[in-house]
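Please read it alongside the sequence and the coordinates shown here.

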Amino acid sequence: MDVGETIETTSAMQQTLGNTTGTDNDSVEFLFIKLPPIYYWNAVVVYTAIGCLETFVSLIALLHMPRPFSNFQYLLLNLAFADFIDVTLFLIAFSISHWMHVNFDELSIDEKRRSFCVITTMTTTAIAMIQSVSLGTFALVINQFIAITYPLRYNSIVTKGRLLVALVLKWALIAILVIPALLLGGIYCETSVYTPALSALNGLLLVVPSLIVSAVMFIIYAVIYRKVRTTLKNPVAASQNVTFQQEAKLVVTTGILMGTVLVLWFPSMIGSIYNVYRLITAPLKIENDTTATLIGFFIQVIFFTNFIVDPLVYGIRLEVVRQGYGRLLRKVKRKLSWCSNPVGSNAMYTNSPFDARSDSVCSEGTLVSRT
């Protein structure tokens, strides 16, 4: 079940909680459309939890990179923050869905309505927030386009001030996209009705901006790649230009990040387009098809793999990011490590485990009593 199918499944279940034509909402008999099997919710919760933890650690590690930050590092932080916020919203929605699946029979209709209200709001907001990830990757592509195409003018074009303005405008645009998502959630919370039209609109919030950004990003990157290949055909000139070599490596890293978005999101985009078509042309209907559920499950796993892959890409390829992880690890070791007193068991060393300048354990320190 991809992101689009998640919208469809949730909206179908929500309709059973809402108003029925000609029926009093207070006396309506609750009709339960079977949720996906429990293994589905177990898997997606665990998978998104792994993504949430990894993106959080990578974000902290990026903040430990050597200062001052370059423009590329600021944009990398922006992408990591977007990954973390989005996967966290999905984790909250999926965790509540898992809880509802386990306790469904014990919940009252009002509790189910309130839970679906939270799930709807979180899911629609997370889907709108997906654009923060695609725009974050797009910003990296634009940065490298300027660095490769206008190397001598790059510092005058991409100033810290202009970069800050661009990031503020980016998040302002995301806020604008989130507003319709919050309105959709608000409509359901007020009326307990989630119509196929609203579900289709929610799907379009995911599909249309993503397709536009992906197409433009791919075209721009093709221009960058051609420029890099042309320069590399002259190995002497390329080897003498250290800055170009560094930017070329960043271009490859950016290309991998862009490729993960295009490849890992593509199945979900197709699924969302198909579901929007179904929601517009036919009444909403959920069939308990095990095969379809399994296919949808793997599509969604592919989609959320992007949140896991991104930190691995820049963590492996970029030395400055690895330095950030190293600094973070040493800081954690300094906080957590301790040494037993070789004379008595009621003493420990403090202030000296894993000094930042040395990897020796407890090379110096103060002996204090535990008691």
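Methionine 122 lies in helix α4, where helices (H or I, at least four residues) and strands (E, at least two) are DSSP runs, numbered from the N terminus. At 23% relative accessibility, methionine 122 counts as partly exposed, on a scale in which buried means under 20% relative accessible area, exposed over 50%, and partly exposed in between (1.4 Å probe, protein chains only). Leaving aside neighbours within four places in sequence, methionine 122 is in contact with Leu89, Ile92 and Ala93, contact being defined as heavy atoms within 4.5 Å. The C-alpha atoms of methionine 122 and threonine 88 are separated by 9.7 Å, although the two are 34 residues apart along the chain.

## Basis of the model

This is a predicted model, in which local features need pLDDT of at least 70 and side-chain atom pairs count only at pLDDT 80 or more, whereas totals for chains, interfaces and linings use all residues. Residues are numbered from 1 along each chain as its sequence is written, and side-chain values use heavy atoms, with hydrogens and water left out.

## Overall architecture

The protein contains eleven helices and two strands, and along the sequence these follow the pattern α-α-α-α-α-α-α-α-α-α-α-β-β. Of the 371 residues, 46% are buried. Among contacts with a separation of 6 or more, 76% are between residues 24 or more positions apart.

In the loop between α2 and α3 lies proline 68, which is joined to arginine 67 by a cis peptide bond with omega of about -5°.

## The pairing of α3 and α4

Helix α3 (residues 71-103) and helix α4 (residues 109-149) have axes that come within 8 Å and cross at roughly 160°; such axes are lines fitted to C-alpha atoms, for helices over the stretch in contact, and the angles run from 0 to 180 degrees between N-to-C directions. The two helices are therefore roughly antiparallel to each other, a description applied to angles over 145 degrees. The residues of the contact of α3 with α4 divide into 24 nonpolar, eleven polar and three charged, with Ala, Val, Leu, Ile, Met, Phe, Trp, Tyr, Cys and Pro counted as nonpolar, Asp, Glu, Lys and Arg as charged, and the others, Gly among them, as polar.

Leucine 79 is found in helix α3 and is buried, with a relative accessible area of 0%. Its contacts, leaving aside neighbours within four places in sequence, are Val133, Gly136, Thr137, Leu140, Leu257 and Asp310.

## Nonpolar cores

The largest nonpolar core has 52 residues, and those with the most contacts inside it are Leu62, Leu76 and Tyr314; a nonpolar core is a set of buried Ala, Val, Leu, Ile, Met, Phe, Trp, Tyr and Cys residues joined through side-chain atoms within 4.5 Å. Two or more residues each come from α2 (38-63), α3, α4, α6 (160-191), α7 (196-232), α9 (242-281) and α10 (290-317), and α3 gives the most, with 13 residues.

Leucine 62, leaving aside its neighbours within four places in sequence, is in contact with Phe69, Leu76, Leu77, Ala80, Tyr314 and Val321. Apart from this core lies another, of ten residues, among them Ile148, Ile220, Ile224 and Ala248.

Terms used. Angles under 35 degrees count as roughly parallel, over 145 as roughly antiparallel, 65 to 115 as roughly perpendicular and the rest as oblique.
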